[in-house]
Amino acid sequence: MSKSINITQLHAERTPTALLVLGDGTIFHGFGIGQTGETIGEVCFNTSITGYQESLTDPSFAGQLITFTFPHIGNVGFNVEDIETAGIAAGGLIIRADITDPANWRAVGDLDDWLKARGLTGIAGIDTRRLTHVIRESGAPNGIIAFDPEGKFDIEALKKKAAEWPGLEGMDLAKEVSCKESYTWTETNWTMNDGFGEQQSPKRHIVAVDYGVKRNILRCLASLGCSITVVPASATFADIKAHNPDGIFLANGPGDPAATGKYAVPVIKDCIESGIPTFGICLGHQMLALAVGAQTVKMQQGHRGANQPVKDLTTGKVEITSQNHGFVVKRESLPAGVTETHKSLFDGVVEGISLDGKPVFSVQYHPEASPGPQDSHYLFQRFVDMVDAHA
């Protein structure tokens, strides 16, 4: 039975201008932000307390409507530097409080203006605690955000659209967010006084396969002395090899790894067999696991936030990580010759693997820390050291 969650009674003087309609017919009333219109996707929640702009521009969020559990979204405005992609990223956003005026020295404008400029639709005034509870108890639902300044909605039509959306399972989104042509990346990490730098004297060459790569991942590699060629998700191993890489990076990305893996897994198998050092993150990690015979499965609610504890089983150290994934590698499916290197201390799922006797490893989380802590930056150095050892 569908339900109607009306928190707008707290704002009795205002007319609701937006609805969030879930696939089971549940309706949340609120107030539209960003672009007018409709946006549909899987409703998830993100517990990060910083970095909403990086999250909204993370291609791994394609096909998803992000519920931010932190109440102060918009308080630092937006700027032109904290963007992880200029292309497709999150489908929409859901927040509790109205967007506030920016109060940060790096801000160049208001978040609502930035949302309009990107054509991103959202809803404020939602009881995000209740919505998060729904997701935790029942799993991430389909949902549609509808924003009409006059508050006029065809509710039955919205319910139908939400119910009929196919969901992320079985969906290949990497091909939608990936670059279409290869390009070179040289920009290095941001610093307080100088902003972004430029790699002038690279010592090694990395080919990054773009399943939805974040800019800060590329910056982290460039900052360690790498020249980088980014190739599309559809690149063949021959395409990769033609660039004569010292190392291969398998990027993060959205959607179901099994769906993207239909064309990516054969390429990854060739990467492994070539002996070229290979490092995967997020979707790249999941598809690396598929390439060696493991399986992936959709999670109940996923991991999305910048406060996820992970244990490095090779060192015994615990790191606080930034994560954004709704699929996971099944531990019991890991074949012989594959070692689990990292484990979640939240729910125990696999967070990293390496291939015995081969220069190949991957992690489920985001060591580039954008947003998030920098505990896991060492993984980029680990990859670079591996590349140098096999030069």
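Pro371 lies in the loop between strand S20 (360–363) and helix H10 (378–389). In this predicted model, the peptide bond from Ser370 to Pro371 is cis. Its omega is near 0 degrees. Most peptide bonds are trans, and most residues other than glycine have a negative phi.

Two residues depart from the second of these rules. Asn244 has a phi near 55 degrees, a positive value in a residue other than glycine. The loop that holds Asn244 runs between helix H7 (237–241) and strand S14 (247–250). Cys282 also has a positive phi, near 60 degrees, and is likewise a residue other than glycine. Cys282 sits in the loop between strand S15 (278–281) and H9. The surroundings of these two residues were then considered. Asn244 counts as exposed because its relative accessibility is 57%, and the exposed class begins over 50%. Cys282 has a relative accessible area of 2% and is therefore buried.

The overall fold was described next. The protein has ten helices and 20 strands. Its C-alpha atoms fill a box of roughly 70 × 50 × 40 Å along the principal axes. A compact globule of 391 residues would have a radius of gyration near 21 Å. The value for the protein is 21 Å, so the two agree. Of the 391 residues, 59% count as buried. Contacts across the sequence were also counted. Among contacts with a separation of 6 or more, 73% join residues 24 or more positions apart.

One helix pair was examined in detail. Two packed helices are described by the angle between their axes and the distance between the axes. Helix H8 (residues 257–274) packs on helix H9 (residues 283–291) at an angle of about 70 degrees, and the axes are 8 Å apart. H8 is therefore roughly perpendicular to H9, as the class covers 65 to 115 degrees. The crossing of H8 and H9 is right-handed. On the H8 side, the contact is made by Pro257, Ala258, Thr260, Gly261, Ala264, Val265, Ile268, Lys269 and Ile272. They meet Leu283, Gln286, Met287, Leu288, Leu290 and Ala291 in H9. By class, the contact of H8 with H9 comprises eleven nonpolar, three polar and one charged residues.

Leu218 and Val213 bring together several parts of the chain. Leu218 lies in helix H6 (residues 215–223). At 1% relative accessibility, Leu218 counts as buried. Beyond its neighbours within four places in sequence, Leu218 is in contact with Tyr183, Trp185, Glu187, Ala208, Val213, Ile228 and Val230. Leu218 and Glu368 are 150 residues apart in sequence, yet their C-alpha atoms are 8.7 Å apart.

Val213 is found in the loop between strand S12 (204–210) and H6. Val213 is buried too, with a relative accessible area of 8%. Not counting residues up to four places away in sequence, Val213 touches Pro59, Glu84, Tyr183, Leu218, Phe249, Ala251 and Asn252.

Arg14 is in the loop between strand S1 (4–6) and strand S2 (18–22). Its relative accessible area is 28%, so Arg14 is partly exposed. Leaving aside neighbours within four places in sequence, Arg14 is in contact with Phe31 and Asp98. Arg14 and Gly30 are 16 residues apart in sequence. From C-alpha to C-alpha, Arg14 and Gly30 are 9.7 Å apart.

His72 lies in the loop between strand S5 (64–68) and strand S6 (92–94). His72 has a relative accessibility of 44% and counts as partly exposed. Ile95 is 23 residues from His72 in sequence. Their C-alpha atoms are 8.6 Å apart in space.

Notes: Residues are numbered from 1 along each chain as its sequence is written. This is a predicted model: local features need pLDDT of at least 70, side-chain atom pairs count only at pLDDT 80 or more; totals for chains, interfaces and linings use all residues. Side-chain values use heavy atoms; hydrogens and water are left out. Axes are lines fitted to C-alpha atoms, for helices over the stretch in contact, and angles run from 0 to 180 degrees between N-to-C directions. Helices (H or I, at least four residues) and strands (E, at least two) are DSSP runs, numbered from the N terminus. Angles under 35 degrees count as roughly parallel, over 145 as roughly antiparallel, 65 to 115 as roughly perpendicular and the rest as oblique. A crossing is left-handed if the near helix is turned anticlockwise from the far one by less than a right angle, and right-handed if clockwise. Contact means heavy atoms within 4.5 Å. Ala, Val, Leu, Ile, Met, Phe, Trp, Tyr, Cys and Pro count as nonpolar, Asp, Glu, Lys and Arg as charged, and the others, Gly among them, as polar. Buried means under 20% relative accessible area, exposed over 50%, partly exposed in between (1.4 Å probe, protein chains only). The radius of gyration is taken over C-alpha atoms; the globule rule is 2.2 Å times the number of residues to the power 0.38.
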